[in-house]
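Here is a friendly briefing to read alongside the sequence and the 3D view. Take a moment to look at both before going through the points below.

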Amino acid sequence: MNPNWELRGCCQHEQVVFLVSIGVSTVVILALWRTFLLTPFKLITVFLHEASHAIACKLTCGEVEGMEVHANEGGVTQTRGGVYWLILPAGYLGSSFWGMVLVLASTNLLTARIASGCLILSLLIVLFIAKNWTLRGLCIGFIIFIAVVWVLQETTQARVLRYIILFIGVMNSLFSVYDIYDDLISRRVHSSDAEKFAELCPCPCNGVGWGIIWSIDNAIVH
């Protein structure tokens with residue numbers, strides 16, 4: 001049997017639309033990377049990074065005392081207790097994981113609705129532990145934004161909910177890769193999660209080394 005190098009009939013219409021949507025989202029994000037238009041979506045990625053720290057803390061029986069997201073695309077999660085060597089890498093790896101989840105959730109309207117509901121719920125929870133107004137504004141803004149998109153999805157012909165979830169997922173995946181490279185590999189930020197992890201880990205590996213390891217894990221997730 002000869003291989004079908006032309007790939008005719010390899011994908012159904014929905015699969016083609018999905019792949020094209022990922023490609024278009026990637027091009028748009030890269031083209032607008034340094035513009036203010038992407039700032040809210042970059043900050044929601046920072047939110048998911050910090051939320052991953054918080055989730056790892058709670059899962060290891062720690063307490064989350066507060067969370068901040070800053071306008072310069074930085075953030076911090078204040079924790080007490082828990083397993084620190086699991087909490088530290090959870091930000092970068094968790095951010096990549098949530099990007100993958102959102103992209104996969106966008107393939108179906110039901111899962112897109114579930115993802116939207118979970119995102120709104122997480123934003124609502126974090127709203128009450130936010131320590132600065134940038135994060136509070138981000139939570140309120142995206143709760144309203146996703147709710148409006150959801151209402152439009154259900155009441156009009158604007159079937160955009162799946163594409164918004166896809167865009168956030170692709171943005172999250174791309175930003176997590178950039179964040180690891182910028183914070184951990186291209187330069188050494190001594191307050192970074194990787195540098196703190198290197199201080200805890202007995203392995204002879206500095207923050208840059210852990211950044212490379214986490215970037216490989218990130219690539220595997222994607």
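**A guided look at rings, core and cysteines**

Phe97 is partly exposed, with a relative accessible area of 37%; buried means under 20% relative accessible area, exposed over 50%, and partly exposed in between (1.4 Å probe, protein chains only). This is a predicted model, in which local features need pLDDT of at least 70, side-chain atom pairs count only at pLDDT 80 or more, and totals for chains, interfaces and linings use all residues. Residues are numbered from 1 along each chain as its sequence is written, and side-chain values use heavy atoms, with hydrogens and water left out.

**Aromatic pairs**

- Rings of Phe, Tyr and Trp (its six-membered ring) pair if their centres lie within 6.5 Å; planes under 30 degrees apart count as stacked, over 60 as edge-to-face and the rest as tilted.
- By this rule the count comes to six aromatic pairs.
- Phe41 and Phe142 are both buried.
- Another edge-to-face pair is formed by Phe97 and Trp98, at 5.0 Å centre to centre and 65° between the planes.
- Trp98 is partly exposed, with a relative accessible area of 28%.
- Phe41, Phe142, Phe145 and Phe167 are linked into a cluster by ring pairs.

**Charges over rings**

- A charge sits over a ring if NZ of Lys or CZ of Arg is within 6 Å of the ring centre and within 35 degrees of the ring normal.
- Lys42 lies over the face of Trp33, 4.6 Å from the ring centre.
- Arg136 has its charged end over the ring of Trp133, 4.6 Å from the centre of that ring.

**The nonpolar core**

- A nonpolar core is a set of buried Ala, Val, Leu, Ile, Met, Phe, Trp, Tyr and Cys residues joined through side-chain atoms within 4.5 Å.
- The largest nonpolar core has 39 residues, and Phe47, Leu123, Leu135, Leu138 and Phe142 touch the most other members.
- At least two residues of this core come from each of H2, strand E1 (63–69), helix H3 (84–105), helix H4 (109–127), H5 and helix H6 (161–185).
- H2 gives the largest share of this core, nine residues.
- Leaving aside neighbours within four places in sequence, Phe142 is in contact (heavy atoms within 4.5 Å) with Pro40, Phe41, Ile44, Leu123 and Ile168.

**Gly141**

- Gly141 is found in helix H5 and is partly exposed, with a relative accessible area of 34%.
- The C-alpha atoms of Gly141 and Pro40 are separated by 9.0 Å, although these residues are 101 residues apart along the chain.

**Cysteines**

- A disulfide is a covalent bond between the sulfur atoms of two cysteines.
- With a disulfide taken as a pair of cysteine sulfur atoms within 2.5 Å, a search of the whole structure finds zero disulfides.
- Cys61 is in no disulfide, and the nearest cysteine sulfur, that of Cys57, is 9.4 Å away.
- Cys61 is exposed, with a relative accessible area of 71%, whereas Cys139 is buried, with a relative accessible area of 0%.

Note on methods
Helix = DSSP H or I, 4+ residues; strand = E, 2+ residues; numbered from the N terminus.
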